[in-house]
Amino acid sequence: MKKNFVTAWKDICREGKKLIAVKSGFIVFQAGNTIDGMYFVHTGLVKEYVTTTDAKQSIVRFAGNGAVLGSTGFESETFRTSACAHEQSLVCFFEKKYLYELYLANPQIAFDLMHYFSALYNVVAHRQKTIALMNLREKMAEGILYVAETFGINKKNELST
């Protein structure tokens with residue numbers, strides 16, 4: 001998305017952006033709260049999750065550097081997931097009104113975000129569908145592959161965390 005920023009839009013971004021330093025365990029936003037802007041992970045790792053009826057957390061995904069958290073809300077929409085810092089992180093927040101200005105000034109950014117959310121939705125929907133059909137061994141293997149893709153593998157050929 002950065003490729004579509006030009007000098008004319010930098011002022012809008014500078015004015016509307018807030019950087020928030022958070023410690024591990026800090027709740028960035030909670031499901032049910034009104035969406036008042038968009039969050040990006042500048043640096044660090046944030047866990048997006050849903051809470052089940054029996055108060056258990058079900059992790060939707062881990063979001064790292066550059067990832068968008070939650071979604072962009074219009075009118076009075078609410079977050080469907082919650083987000084919590086998994087490690088010390090720097091989260092960038094854009095207020096709705098500045099995002100709207102940015103979308104109007106540069107429709108390409110709105111288009112890029114639409115593609116980003118579409119791809120993210122497809123990945124999550126595919127993962128949910130396939131996991132529902134897997135046995136325990138397959139679910140464990142899928143979990144290990146997800147951790148390897150998300151966190152990487154270190155020089156000792158071990159999963160990084």
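Reply: Glu 48 comes out as buried at 5% relative accessibility, where buried means under 20% relative accessible area, exposed over 50% and partly exposed in between (1.4 Å probe, protein chains only). Bear in mind that this is a predicted model, where local features need pLDDT of at least 70, side-chain atom pairs count only at pLDDT 80 or more, and totals for chains, interfaces and linings use all residues. Residues are numbered from 1 along each chain as its sequence is written, and side-chain values use heavy atoms, leaving out hydrogens and water.

Glu 48 has a salt-bridge partner in Arg 61, with 2.8 Å between the closest N and O atoms; the term means a side-chain nitrogen of Lys or Arg within 4 Å of a carboxyl oxygen of Asp or Glu. Arg 61 sits in strand S5 and Glu 48 in strand S4, so the bridge ties together parts 13 residues apart in sequence. Strands here are DSSP runs (E, at least two residues), numbered from the N terminus. Arg 61 is buried too, at 8% relative accessible area.

Now for the sheet around them. The strands of this open sheet of 4 are ordered S2-S7-S4-S5, with antiparallel pairing; two strands pair if DSSP finds at least two bridges between them. S2 (27–29) and S5 (57–63) are the edge strands, each with a single partner, so one side of each has no neighbour in the sheet. On to S4 (residues 46–51): 4 bridges join this strand to S7 (residues 82–85), running antiparallel. Val 46, for instance, has Ala 85 in S7 as its bridge partner.
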